[in-house]
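This briefing is meant for a reader who is meeting the structure for the first time. Please keep the sequence and the model in view while going through the points.

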Amino acid sequence: MDAKIKERIDTWLTGSFDDATKAALKKIQAENPDELTDAFYRNLEFGTGGLRGIMGVGTNRVNKYTIGMATQGFANYLNKTYPGGEIRVAIAHDSRNNSRQFAEITANVMAANGIKVFLFEALRPTPELSFAIRHLGCQGGVVCTASHNPKEYNGYKAYWNDGGQLVPPHDKNVIAEVDKIASIDDVKWNGGESRITLIGKDLDEAYWQMAKGLSVYPDVIAKQHDLKIVYTPIHGTGIKLVPELLKRYGFTNVTIVEEQAEPDGNFPTVVYPNPEESEAMSIGLKKAKAIDADILLGTDPDADRVGIAIKDTKGEWLLVNGNQTALLAFSYLIEARKSKGIAKPNDMVVKTIVTTDMIDRFAKENGVKCYNVLTGFKWIAELIKEKEGVEDYIIGGEESYGLLVGSKLRDKDAVSAVAILCEMAAYAKENGKSLFEQLVELYVKYGFFKESLISITKKGMRGQEEIAEMMQSYRDNPPQTINGSQVVELLDYELKKGKNLQTGKEWEIKLPKSNVLQFILEDGSKISARPSGTEPKIKFYFSVNTRLTSTADYDKVHAGLDKRIQGIISDMKLK
């Protein structure tokens with residue numbers, strides 16, 4: 001065993017760790033020594049989004065000690081940044097195993113460092129935490145969650161005073177402070193309990209009132225109040241806010257998927273509690289079919305992502321991907337604002353660089369500025385802050401099932417998105433259309449864009465190295481052609497440089513550094529390669545497009561676009 005790993009294990013066996021932790025470590029030593037290498041080969045990285053990993057004993061695991069050390073670093077940075085005055089933080093947690101314990105540890109460490117803490121009395125959605133930071137005038141916040149990861153995972157997301165996740169320079173500065181915490185003895189574990197205030201119902205009420213104010217067509221909902229809605233919280237926090245918000249919007253025919261209604265960190269009915277996964281939506285889909293619903297919606301455990309399913313023209317149910325959901329939501333709000341006469345010349349929308357470019361086209365043709373930012377909702381939040389008072393933010397979204405309507409909070413919000421998407425379905429029904437028909441009509445008018453995504457996981461100590469080698473190979477030797485089409489441009493967001501591979505012309509990419517590569521092909525296809533910041537995986541995003549001359553040609557053209565994507569995947573040897 002590596003000497004460094006052995007030293008870390010010895011520290012945990014002899015240091016100020018509790019007896020239960022030491023006993024658990026000795027049990028692993030005796031029964032599964034190979035597991036110790038992965039559990040101790042490094043310190044769990046506090047990344048730009050916070051902390052995330054598998055729960056268990058070890059320096060590379062999420063446990064009360066790694067949570068406490070990370071929180072001490074964050075508290076140190078808050079105290080350095082705001083000397084002298086009262087510092088406030090809000091803390092929330094999701095339905096995962098140990099999330100309440102981790103939230104209470106985070107609260108205790110913050111309070112022991114002289115910080116005023118607002119701790120939610122029980123589990124709440126991540127977007128409500130973002131809202132609470134702004135509503136209560138906090139300087140920071142934490143939500144204990146691992147979002148949509150499997151049940152073995154936990155962690156936390158760290159937030160700044162605008163209600164958005166950490167961005168430069170705060171992200172790197174917090175990381176530097178966390179890295180300075182060398183031992184659990186550096187952590188102030190308790191002593192500030194009087195500084196902790198429990199919050200709950202008052203914040204729920206304030207959130208519901210804010211979210212209800214986002215409705216554009218309450219009169220249409222009144223007419224279509226019996227729209228058949230099926231909703232699943234997938235054992236998560238959405239159950240706390242979504243049903244009540246739908247009721248306040250005026251919807252009277254909402255069916256909750258009972259099998260997934262109870263918050264449960266074991267996620268007993270799913271492998272991945274992620275609305276992006278068809279398996280996670282399958283029970284809801286069965287229910288929707290049984291009652292002939294109009295729309296199915298599902299939110300992930302911390303209720304910041306939303307997935308939907310709708311019926312096509314043949315009456316078959318279709319799980320809508322994040323790009324399509326974003327396109328429908330963006331187009332609905334832009335057109336609704338125009339038709340109601342509330343659109344402004346400085347209206348703007350925001351999306352990420354891997355989200356469908358069809359939104360850019362739609363926004364441009366409707367006179368609305370569309371900004372593109374790096375992947376991660378924190379960059380959308382940062383742009384909202386930058387443009388505040390100058391441009392009027394309407395909606396932001398990303399292909400990974402994240403939407404934010406309005407700027408009263410600064411993270412993706414599946415709770416309010418569920419209500420707006422239901423309003424959108426009601427509006428379509430009032431006008432004699434289905435959401436699917438609306439989607440196809442958009443393709444006819446603005447071009448048919450189809451997107452897809454694959455993730456390649458590389459586990460263990462070599463995993464991250466293999467991913468880095470793959471990215472370096474693409475940088476050093478970019479492909480000349482992909483699937484028979486010339487690669488025209490290479491966009492390297494790490495080097496902040498774009499290059500026309502045919503003319504040699506180069507230009508600066510005016511976004512922060514990020515390890516993302518994009519290949520733009522002559523036929524309009526776009527391939528993006530991006531290693532995950534929280535998991536040992538690399539994601540490849542594919543976007544292809546063509547003309548759709550009539551709705552009757554949808555199936556044939558859709559099949560052709562799908563074939564193009566499969567051709568790209570095959571040519572790049574990604575499967």
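This is a predicted model: local features need pLDDT of at least 70, side-chain atom pairs count only at pLDDT 80 or more; totals for chains, interfaces and linings use all residues.

Helix axes are lines fitted to C-alpha atoms over the stretch in contact, and the angles between them run from 0 to 180 degrees between N-to-C directions. With that in mind, helix α13 (residues 358-365) and helix α16 (residues 435-446) pack at an angle of about 75°, their axes being 11 Å apart.

**Helix contacts**

- Because angles of 65 to 115 degrees count as roughly perpendicular, α13 and α16 are therefore described as roughly perpendicular to each other.
- On the α13 side the contact is made by Met358, Arg361, Phe362 and Glu365, while α16 contributes Leu442, Tyr443 and Tyr446; by type, the residues of this contact divide into five nonpolar, no polar and two charged.
- Helix α1 (residues 3-14) packs against helix α2 (residues 19-31) at an angle of about 140°, with the two axes 8 Å apart, and α1 and α2 are therefore oblique to each other.
- In this contact Ile9, Trp12, Leu13 and Thr14 of α1 meet Thr21, Lys22, Leu25, Lys26 and Gln29 of α2, and the residues involved comprise four nonpolar, three polar and two charged.

**The sheet of six strands**

- Six strands form an open sheet in the order β1-β5-β4-β2-β3-β6, and their pairing is mixed.
- At the edges of this sheet lie β1 (50-54) and β6 (196-199), each of which pairs on one side only, and the twist from one strand to the next averages 15°.
- Within the sheet, strand β2 (residues 88-93) and strand β4 (residues 140-144) run parallel and are joined by five bridges; isoleucine 91 has valine 142 in β4 as its bridge partner.
- Helix α5 (residues 99-112) lies across β2, β3 (116-120), β4, β5 (153-160) and β6, and it runs at about 170° to β2.

**The sheet of five strands**

- A further open sheet, also with mixed pairing, consists of five strands in the order β8-β7-β9-β10-β11.
- The edge strands here are β8 (254-256) and β11 (317-320), each pairing on one side only, and neighbouring strands are turned by 20° against each other on average, direction ignored.
- Strand β7 (residues 229-232) pairs with strand β9 (residues 295-299) in the parallel sense over four bridges, and isoleucine 229 has isoleucine 295 as its bridge partner in β9.
- Strand β10 (residues 306-311) and β11 run antiparallel and are joined by four bridges, with leucine 318 in β11 as the bridge partner of isoleucine 310.
- The hairpin of β10 and β11 has five residues between the strands, and in this hairpin glycine 315 takes a positive phi near 85°.

**Aromatic pairs**

- The structure holds 18 aromatic pairs, and in one of them the rings of tryptophan 12 and phenylalanine 17 have their centres 4.3 Å apart and their planes at 20°, so the pair is stacked.
- Tryptophan 12 and phenylalanine 17 are both buried, and ring pairs link Trp12, Phe17, Phe40, Tyr65 and Trp189 into a cluster.
- The ring centres of tyrosine 332 and tyrosine 427 are 5.8 Å apart and their planes stand at 65°, so this pair is edge-to-face.
- This pair links distant parts of the chain, since tyrosine 332 belongs to helix α12 (residues 322-339) and tyrosine 427 to helix α15 (residues 414-430), 95 residues apart.
- Tyrosine 332 is buried, with a relative accessible area of 5%, whereas tyrosine 427 counts as partly exposed at 23% relative accessibility.

**Backbone details in loops**

- Proline 168 and proline 169 are joined by a cis peptide bond with omega at about 0°, and proline 169 is found in the loop between β5 and α7 (170-180).
- Isoleucine 234, in the loop between β7 and α10 (242-249), has a phi near 45°, which is a positive value in a residue other than glycine; isoleucine 234 is also buried, its relative accessible area being 0%.
- Aspartate 292 likewise is not a glycine but has a positive phi of about 55°; aspartate 292 sits in the loop between α11 (278-291) and β9, where it is partly exposed, with a relative accessible area of 46%.

Technical notes:
Residues are numbered from 1 along each chain as its sequence is written. Side-chain values use heavy atoms; hydrogens and water are left out. Two strands pair if DSSP finds at least two bridges between them. Helices (H or I, at least four residues) and strands (E, at least two) are DSSP runs, numbered from the N terminus. Angles under 35 degrees count as roughly parallel, over 145 as roughly antiparallel, 65 to 115 as roughly perpendicular and the rest as oblique. Contact means heavy atoms within 4.5 Å. Ala, Val, Leu, Ile, Met, Phe, Trp, Tyr, Cys and Pro count as nonpolar, Asp, Glu, Lys and Arg as charged, and the others, Gly among them, as polar. Rings of Phe, Tyr and Trp (its six-membered ring) pair if their centres lie within 6.5 Å; planes under 30 degrees apart count as stacked, over 60 as edge-to-face and the rest as tilted. Buried means under 20% relative accessible area, exposed over 50%, partly exposed in between (1.4 Å probe, protein chains only).
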